[in-house]
Structure formats: structure tokens, C-alpha cells
Amino acid sequence: MATRINPLISQRVVKVQLWGLTGFTIAILFFIVCFVSIKGLPQITLDFLTTNPGDMGRSGGIFSTIMSTLYLIFIALMIAVPLGIGAAIYLTEYTRESRITYIIRFGTECLAGIPSIILGLFGFAFFVMALHLGWSILSGGMTMSIMLLPTIIRTSEESIKAVPYALREVCFSLGVTKWQTVTRVVLPTALPGIVTGVVLSIGRCIGETAVVLFTAGSSLRLPQSFFDSGRTMAVHFYILAREGISMPNAYGTATILIFSILFINLCAYYLMRQFLKKYAIFG
Amino acid sequence: MKEKLIEKILMLLAFSAIGVLLLMAIFIFKEGMPIIFKAGINNFLFSTHWAPTKGYFGIFSMIVSSLYVTIGALIIGVPLALACAITLAELAPLRLTVILKPTIELLAGIPSVVYGFLGVVLLVPLIRDYLGGPGLSLLAASMILAIMILPTITSISIDAIQAVPYSYKEGSLALGATHLQTIRMVILKAARSGIITAIILGMGRAIGETMAVIMVAGNALKLPSSPLSPVRPLTSNIALEMGYAAGDHRAALFATGIVLFVFIMVFNVLANIITKRWQQE
């Protein structure tokens, strides 16, 4: 006859196991950050940040890759932010829930799930080849903007929805038009939330590799215009590590990558908290 | 007049995402479909002979590798992620959860190349020394992917568990169930759809991941015979050969992309259906 285990004892056992697994998981994640930074931090000097890579990345710093990354972020945001906010305004202020909004939302969600390699493939076939833009910051930025669009639409939508309806009613009662209400009242109030989405997008731009490799190329020179090829930090790290060019420089680049992304995501998190706090008061 | 115009413009912007999605599908299908018909759908999907420069375009071993790697990642990752989610949502004091949940989400931002690199530096030698084989393997890829999808699955599962009405828990506890019984029989059941959505999203991320996998999977063109054999999933195939492919070879890579695209769309539709059911509940 099977003995019945006291539920309170089995509860004890399982709870200990759950805590153990959680501790283990969090330990792995922390270990990753610590391992990279211990190896990488000694590499990082002012020189490392401000000199161009030399000898394929064996010597020198990562200045040109930082600049390429920044240019790429600029292009991607210039395209994705207006599109994304416009779409969010339309979805929240100009329509009711209907078949059309359902289709738009579904399309946006699907786009969010498309893997970066497919985006890279498309960017290569469309921007690089069909539009004859070549491997360039412009091709890379445009492909990247496709990747960011869903995030920006979703976060903007959420933050516009969080703006209390009473604010709009006041505007309408004063005879203000819809567009004026949106630009003067709704958007300024929702701004911190929207900025959160944009900041998160910057983080994704910094870490992305597959898209950039296929569309912006991997030239190590400092890009002189948006039509030049450029190598971002993530691609630089990938090439250094995969081809075993220089391990110290690879660790240094990885550390900069991880910390810039963690810092940016932390900013986004802080902004979101502030935004939510504000609306706790509105009720 | 101006208002109407603005509305029209905004509507156009709203369709941008779905427009891009369609454009992308059209472009990839246009580039890839001809070669699938040329090689024959059966040959393309179910042959393991991939020698694109000689006219053999069979991607069966890559499809199998992709599925194995993804399933492996889920087998390792899901129990860990669920344990984290249950602990943080139910067992841990609120103050700890408030700190740890954002921390886990922050770690989702670490770039995939970094995970792949750590896989090569730390995990691959361990597997080679203690389990045998070349180290670069199905197992290594699955483990790295498991760590990568952990934050996503954990964070969405925590939301799903916390969304379960408190009265369910009170009812169960009042009937004399222990906390663990309540979690297992009431809370996890009620949060089921949300957790499944989280797992499907993780699955989509795992099957689509490229840079980490390319570094640790070994990229051999064979049907994997054990978890220790090196494999080449669909994504790696595209990324590895895109640099120098031309003509039919490049078309075949786009065709590989089509297969991947179809997988992802199926996952998305599944996740969408389940999320909808979740919201109805």
C-alpha cells in the first residue's frame, strides 16, 4: 500500500526546490554579467574608447564602431518613432476596436516575432540589392527601424491609453479639435511613457547583430556619410570573438555593450516608474 | 478638412507595420519560391543533401536540427523559468519580487552574441571534457538558448500568475488545501493560457535565434545522432552562407528563410489564439 506523504512535508520539500532553482537561475544570469566585466573592465581606458581600431581590431580602440552604432540608432529612430507614434495615435484616438484595429494589432505582433535573421535577409534583398543602397548605415538603419516599429507602437499605445479620459473631455467641451487635443494635451501627458519605448529601442539597436551584418556591412572605417558601410559594436565583437582576432579587445567591447544596454534599460525602467506613479495620483 | 487629412495620414501610418510585414513576405517568397519548385518541394524539404553550388538543395537536416535545438531549449529552460515565476509570484516576499523581476527583465537585453561567446568560452570546453564529443553541439546550443529565453518566459509567466484573482487562492486555502496544492491545482490552472503564451513566445525566440547558435552549434551538415553531435539549424545556414552566396545558392538561402518564416507565423498565430482565450477568461 502506498503511504500517503503528508502534504505539509511535500510542500516544504517542493518549496525548497523552487527556491533552489530560482537561486540557481539568478546566479547564472549574474555570473554572465560578472564574468564579462571582470575580463573586460581592465581593457577599458579613455584610449580604448577614443581611438579607431587598428590591424583588423587587434590593436587600437573601438571609436569608429561606437560612431557607427550611434549613426545607425539615429537613422532607425528617425524612421520608427514618427511611424510608431502615428500608428499608436490612430489606434487609440481615432478608431474604436474593430476588425481593422484587430488586423493592425495582429500584424504588429507578428512583426515583433519575426527573427532578426529574416529581417536581415529582407533588408539585404530590398534595401541593399533592389534599392541599390549597398551595405550602408542607411540600409542598416532602415532595416533596424522595422525591428523597432512594433515595440514603439505598443509602448506608445499603452501610454496614450493611460492618459485619463477626463483630460480629453475637458478639451472637447472647450471646442478644441481632435488633432489639437492630441498634440497639445494627450501627447505631452503620455510623453514619458513614449520615451520609455524609444529608450528600450535604443538598447535593442545596440545589441543587434544579424540585421546589421547583412545590411550595414562590416567596414571598420569611420563612416563619412549615411551611404557608407559601418561596423557597429555588436558586429565588431562578433567578428573579434568568432575569428579569434583579439580576446582582450573582444572582452572590452562586450563589457561596453552589456553596460550601455543595462544602463539604457535601467533608464527606461526608471522613466516608466515615474510615469506610472504620476497616474496613480490621477486615479 | 485638415482634421480629415490628418486622420487619413495617421491611418496610413497605422498600416505601416502590416505593410512592411507583407512586403517582407512577398520579397522573401519571390526570391525563394522559384528554387523550391526547381528542386521539387519534396526534395527541398525532405532531402538531407545540401550542396548548393552543385545543385542539391535539401534542408531536412537543418529543419530537424532547428526543431531539436528548440525543443532542447524548452526542456531545459521552461522548468527553470516556471520555478522562478512561481517562486517570485507566490513564495517570495513582495519586496524581493519588486527587485528581482526587473533585474531578470534587464538581463533579457544582453545581446545574443555575448551569450554565444560565453557559450564558446565556458560551456563548450565543459561539454567536451566531461561528456565527450566536439563540444560544439546540439546540447550547447540548447543550453545557451535556454538561458536566453529564461527572462522572457519568467517575466510573462509572473504576470499571468499575478493576474489570477486573489479570491481563487482564498477559496482554495479556505477549503484546507496547502499553499503548494493551491499553486498546483488552482493558480497554475488559472494562469495556464498565459504561461503557454509565454512558452510559445520563448519558442519563437529560440527557433529564430541566430548569432548565439552559430557560435556554439558546430554547424555540421548532418542529421544529429545524439545531443553531443554538432548541428546546423536553419538560421545558422542562412547566416553562414549569405556572405558569399550567389545565384541559385542565394535563392536557396531565401527558401530556407521561407521555411523559417512559416514556422514563426504558425507560432505567432498559435500565441494569438491562446492569448485571446486568456483575455476572455
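Reader: What percentage of the 281 residues of chain B count as buried?

Author: The share is 51% of the 281 residues of chain B. A residue is buried if 20 or more other C-beta atoms lie within 10 Å of its own, exposed if 12 or fewer, and partly exposed in between, with C-beta atoms placed from the backbone. The model is predicted: local features need pLDDT of at least 70, side-chain atom pairs count only at pLDDT 80 or more, and totals for chains, interfaces and linings use all residues. Residues are numbered from 1 along each chain as its sequence is written, while chains are lettered from A and ligands numbered from 1 in the order in which they are written.

Reader: Why is V213(B) called buried?

Author: V213(B) has 35 other C-beta atoms within 10 Å, and the cut-off is 20 or more, so V213(B) is buried. V213(B) is found in helix α11 of chain B; helices (H or I, at least four residues) and strands (E, at least two) are DSSP runs, numbered from the N terminus.

Reader: Which residues does V213(B) touch, not counting residues up to four places away in sequence?

Author: They are V69(B), A141(B), L145(B), P233(B), T235(B) and S236(B). Contact requires that the C-beta atoms of two residues, placed from the backbone, lie within 7 Å. V213(B) and F117(B) are 9.8 Å apart, C-alpha to C-alpha, and 96 residues apart in sequence.

Reader: Why is N219(B) called partly exposed?

Author: N219(B) has 18 other C-beta atoms within 10 Å. That value lies between the limits of 12 and 20, so N219(B) is partly exposed. N219(B) sits in the loop between α11 (211-216) and α12 (234-241) of chain B, and has a positive phi of about 60° although it is not a glycine.

Reader: What makes H132(A) exposed?

Author: H132(A) has 8 other C-beta atoms within 10 Å, and exposed means 12 or fewer, so H132(A) is exposed. The loop between α5 (116-130) and α6 of chain A holds H132(A). Phi of H132(A) is near 55°, a positive value in a residue other than glycine.

Reader: How do you know that the span of helix α4 (residues 99-113) of chain A agrees with what it should be?

Author: The expected span is 1.5 Å times one less than the number of residues. For the 15 residues of α4(A) this gives 21 Å, and the end C-alpha atoms are 21 Å apart, so the two agree. The buried residues of α4(A) are I104(A), R105(A), G107(A), T108(A), E109(A), C110(A) and L111(A). They pack against α3 (63-94) and α6 (137-161) of chain A, together with α1 (2-14), α2 (16-39) and α13 (248-280) of chain B.

Reader: How many residues of chain A are in contact with chain B?

Author: 67 residues of chain A are in contact with 61 residues of chain B. Helix α1 (residues 7-40) of chain A gives the most to the side of chain A that touches chain B, with 17 residues. By class, that side has 49 nonpolar, 14 polar and four charged residues. Ala, Val, Leu, Ile, Met, Phe, Trp, Tyr, Cys and Pro count as nonpolar, Asp, Glu, Lys and Arg as charged, and the others, Gly among them, as polar.

Reader: What does the secondary structure of chain B come to?

Author: Chain B has 13 helices and two strands.
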